Each structure stands twice: as structure tokens, then as C-alpha cells.
Amino acid sequence: MKKLLVVISSIVLAITGTFWLTATGTVHAASNWKLKVVNVNHHLSATYVPDLKTVDNNQQLDTRVIKSYEQLTAAAQKAGATLVAGSGYRSYEHQKEVLARNIQQREAKGMTYAQAKKDALKTVNSPGSSEHQTGLAMDFLTPSEAQAGSDVTQAFAKTKQGKWLAKNSWKYGWILRYPKGKKSSTHISYESWHFRYVGKRAASYIYHHHLTLEQYVAQQK
Ligand SMILES: [Zn+2]
């Protein structure tokens, strides 16, 4: 009897699981702003500027994600993992300056302009290809990192904040945008601090199926 119950419950689980997959996997259109992909192959125009609102630490986000951002950070704080906004929206011009500065630093070390540009582009996004220009992404810091004036670090993954975000951000519509071992899909190495708003439904699906935003959007087509 016990065995039969196990078999029946497995079947029920399999059926509901399949239904859930189909039901959640087909609802989105690729044109949905929440699912906008910006990467080395999909650039934003130089003039794209979202409606912005300032959050904490003088950082800005697209006004449409403010409510979910506040819910996310409030929940983190309640769990003892207080987050600080490290870097939110970044303009096209800002990205251009960051790249130019990186090229100059390399030229100062003896590289030609072409060598310096090629090398800088390995770690710096070209203007228009940074997700930060969408206003839908945030790089997080811990309070002690912020106090020390530190930039984002790989050590974030091992902090209470990094662990909490990786496990819980999807509940508020945010995903770990550049997971480990997914560079072939995202074109960017693992970034434990960079989170992106995609909406609750997509975030839940992406989290539970270990997808990247690129893979999820490709499935919607
Ligand atoms: Zn980032």
C-alpha cells in the first residue's frame, strides 16, 4: 500500500510539474521590457535613457523596478543581510569614459591604441553593451565594503549578502545575471554581485531551471 501511494504521488508530481513548465514557459513575448537583453551582441542606442529614480547610496534605477527593489532590500535586511547599492544605472557617456580611461591606462604601460583597446574590452563593456544602461541592474556591496569605499569583489559570493541574494532574489523578480559556468551564453564571467530585474514569473523560471536570461528569451521565441 505504501509503495502504491509513493507511485501515485510521483505521478501526480510529474503531471503538475509538466503543467507548471508549460504554463510558465509560454507566457512572455520577447518585446517585454522586463526581458530586454543587452550584451555584446545586443546594444542599446547612445540616446537610450530610462525614467530614473534614486535609491540608496546615490544610485539610480528605472522607476518601474523601484517597488521590487525596495521589497528585495527590505527582505534582505530582515534576514540580517543588509545590502548597499554599489552601481545601478550607468549612462552611455559614462561607459564611454570608463572604456577610454582603461585604454589610456594600458597605453601608458606601452601598448599601442589597438592593443590597449582590445585588451580593455576583455573586462570593460563597450558603450551600449552594458546592462547598467537599462536601469534594470544593480551591483551590490556589503555595508563594510561600501564603508571602505571598495569596488565590487569576488569575495561577495561568500558573504551573507551574496549567499542570501543568490538564494532569494528570484522571489522579488531579480536574477543572478551572470552565473558561474555560463560565459558562453552571457559573454560575461561569473559576477556574484550583479542582479537584474526580469519580473517574478521569469525570475522563478530562470532560477529553478538554471537558465541565463539569453537562454530564457531564446525559449520564448
Ligand atoms: Zn554590474
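Start by selecting α2 (66–78), β4 (137–141), α5 (143–147) and β6 (191–197): these are among the elements that cover the buried residues of helix α6. Keep in mind as you click around that this is a predicted model.

Now pick α6 itself, residues 160–168, and show side chains for Q161, G162, W164, L165 and N168, which are its buried residues. They sit on the same side of α6, because they span an arc of only 165° around the axis. The background is simple: an α-helix has 3.6 residues a turn, so residues three or four places apart point the same way.

Next, go back to β4 and bring up its sheet. In what order do the four strands line up? The open sheet runs β3-β4-β6-β5, with antiparallel pairing. Colour β3 (84–87) and β5 (174–178) separately, since these are the edge strands, each pairing on one side only. Look across the sheet for the twist, which averages 50° from one strand to the next.

Zoom in on β3 and β4: three bridges join this antiparallel pair. For one of the partners, select V84 and then L141 in β4, its bridge partner.

Last stop: T54, in strand β1 (residues 52–54). Is T54 buried or partly exposed? T54 is partly exposed, because its relative accessible area is 44%. Beyond its neighbours within four places in sequence, T54 contacts Q59 and Q60. Finish with a distance label from T54 to I66, twelve residues apart along the chain: their C-alpha atoms are separated by 8.9 Å.

Terms used
Residues numbered from 1 in each chain as written. Predicted model: local features only at pLDDT ≥ 70, side-chain atom pairs only at ≥ 80, totals over all residues. Heavy atoms only, no water. Buried < 20%, exposed > 50% of the residue type's maximum accessible area, 1.4 Å probe, protein only. Helix = DSSP H or I, 4+ residues; strand = E, 2+ residues; numbered from the N terminus. Arc of directions from axis to C-beta. Contact = heavy atoms within 4.5 Å. Pairing = 2+ DSSP bridges. Axes fitted to C-alpha atoms, helices over the stretch in contact; angles between N-to-C directions.
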